[in-house]
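Here are my notes on the model, point by point. Please read them with the coordinates open.

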Amino acid sequence: MKKTILNKYDKKKISELPRVLFEGRIVVILNESEAQRAVDYLLSQPVLGVDTETRPSFKKGHMNKVALLQVASHEICFLFRLNLLGKSPSVKRLLEDTTVPKIGLSWHDDLTMLHKSGDFKAGLFIDLQTRVREIGVEDLSLQKLYANFFGQKISKRERLTNWEADILNERQKQYAATDAWACIMLYEELMRLEKTGDYELIKIADDVQADSVTEREG
């Protein structure tokens with residue numbers, strides 16, 4: 001039976017879905033020696049998921065620098081605390097690497113923000129939003145994409161928390177790791193579907209609720 005993918009996913013259905021969490025190891029990186037070891041490991045992997053977090057600003061026109069760079073393999077997610085690391089040669093090496101594909105979402109925006117913390121030449125990055133557009137998917141948020149492709153919910157409750165806190169709490173770490181790891185999962189599933197053709201894209205008219213189509217398909 002082919003997997004049903006919707007071009008537009010009804011956000012109201014997401015709350016009904018089971019929650020997904022990264023179940024691997026999460027490692028917080030606070031200094032350059034830790035960063036060097038983490039990057040050595042990450043660049044030995046076949047594919048990585050990437051994301052960033054920034055302390056929210058509630059002052060009009062002001063944007064804080066990126067506080068956290070999270071980079072995941074299938075088993076481990078490293079949380080690079082950029083607000084504490086400063087200009088890390090190892091993080092720069094990771095960002096400039098051209099051998100390991102790094103999968104992100106709306107990654108151009110993340111790169112623009114990362115450049116404010118230091119100059120580097122961006123290496124091999126693949127933007128999920130570009131890839132899913134190629135098969136006709138129009139709803140491009142990570143939460144909607146994961147719900148669309150896997151029928152599971154990524155919670156966004158921690159998004160607007162303080163990412164420059166002295167110590168990140170467990171909920172923040174789990175949130176950050178899940179977002180990066182989810183990019184790998186989506187990319188690999190998209191590659192599988194494209195290779196096998198084992199999917200059907202259902203186009204939802206603007207005046208039709210996506211949940212009604214999902215119920216009929218189910």
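1. Start with Lys-102. Lys-102 counts as buried, at 1% relative accessibility. Here buried means under 20% relative accessible area, exposed over 50%, and partly exposed in between, with a 1.4 Å probe and protein chains only. This is a predicted model, where local features need pLDDT of at least 70, side-chain atom pairs count only at pLDDT 80 or more, and totals for chains, interfaces and linings use all residues. Residues are numbered from 1 along each chain as its sequence is written, and side-chain values use heavy atoms, with hydrogens and water left out.

2. What does Lys-102 meet in a salt bridge? The partner is the side chain of Asp-97, at 2.9 Å from N to O. A salt bridge is a side-chain nitrogen of Lys or Arg within 4 Å of a carboxyl oxygen of Asp or Glu. Asp-97 is buried too, at 10% relative accessibility.

3. The structure holds 14 salt bridges. Another one joins Arg-131 to Glu-134, with the closest N and O atoms 3.2 Å apart. Arg-131 counts as buried at 19% relative accessibility. Glu-134 counts as exposed at 53%.

4. Salt bridges link Lys-3, Glu-189, Arg-192 and Asp-198. Within it, the side chains of Asp-198 and Arg-192 meet at 3.7 Å, N to O. Asp-198 is partly exposed, with 25% relative accessibility. Arg-192 is also partly exposed, at 34%.

5. Next, Gly-104. This residue is in strand β6. Helices (H or I, at least four residues) and strands (E, at least two) are DSSP runs, numbered from the N terminus. Gly-104 counts as buried, at 0% relative accessibility. It touches Val-50, Ile-126, Asp-127, Leu-128 and Cys-183, not counting residues up to four places away in sequence. Contact means heavy atoms within 4.5 Å. From Gly-104 to Leu-42 the separation is 62 residues in sequence and 15 Å in space, C-alpha to C-alpha.

6. Ser-106 deserves a look at its backbone. Its phi is near 50 degrees, a positive value in a residue other than glycine. Ser-106 is found in the loop between β6 (102-104) and α4 (107-115). The residue is partly exposed, with a relative accessible area of 22%.

7. Asn-64 is a loop residue, found between β3 (48-54) and β4 (66-72). Is Asn-64 buried or exposed? At 9% relative accessibility, Asn-64 counts as buried. A polar atom of the Asn-64 side chain lies 2.8 Å from the backbone oxygen of Arg-55. Leaving out residues up to four places away in sequence, Asn-64 touches Thr-54, Arg-55, Pro-56, Ser-57, Met-113 and Glu-164.

8. Helix α6 comes next. Eight of the nine residues of α6 are buried, so it is largely enclosed by the rest of the structure. The buried residues are Leu-142, Gln-143, Lys-144, Leu-145, Tyr-146, Ala-147, Asn-148 and Phe-149. Their cover includes β1 (3-6), α5 (128-133) and α7. Gly-151 follows α6, and its phi is positive, near 70 degrees.

9. Now the largest pocket. Its volume is about 760 Å³. Of the 25 residues that line it, the closest to its centre are Asp-51, Thr-52, Glu-53, Arg-159 and Tyr-175. The elements giving two or more residues to this lining are β3, α4, α6 (142-150) and α7 (170-196). The largest share, four residues, comes from β3. A pocket is an open set of points on a 1 Å grid over the protein atoms alone, with protein on both sides within 12 Å along at least five of seven lines, and lining residues have an atom within 4 Å of a point.

10. By class, the pocket lining has nine nonpolar, six polar and ten charged residues. Ala, Val, Leu, Ile, Met, Phe, Trp, Tyr, Cys and Pro count as nonpolar, Asp, Glu, Lys and Arg as charged, and the others, Gly among them, as polar.

11. Finally, the cavity. The structure holds one cavity of 30 Å³ or more. A cavity is a set of grid points where a 1.4 Å probe fits but cannot get out. About 70 Å³ of space lies in the largest cavity. Grid points are joined across faces, edges and corners, and a volume is the space filled by probe spheres set on the points. The cavity lining includes Arg-19, Ile-154, Arg-171 and Tyr-175. It has four nonpolar, three polar and five charged residues.

Notes:
A polar contact is a pair of N or O atoms within 3.5 Å; within protein, one must be able to donate a hydrogen and the other to accept it, and residues adjacent in sequence count only if both atoms are side-chain atoms.
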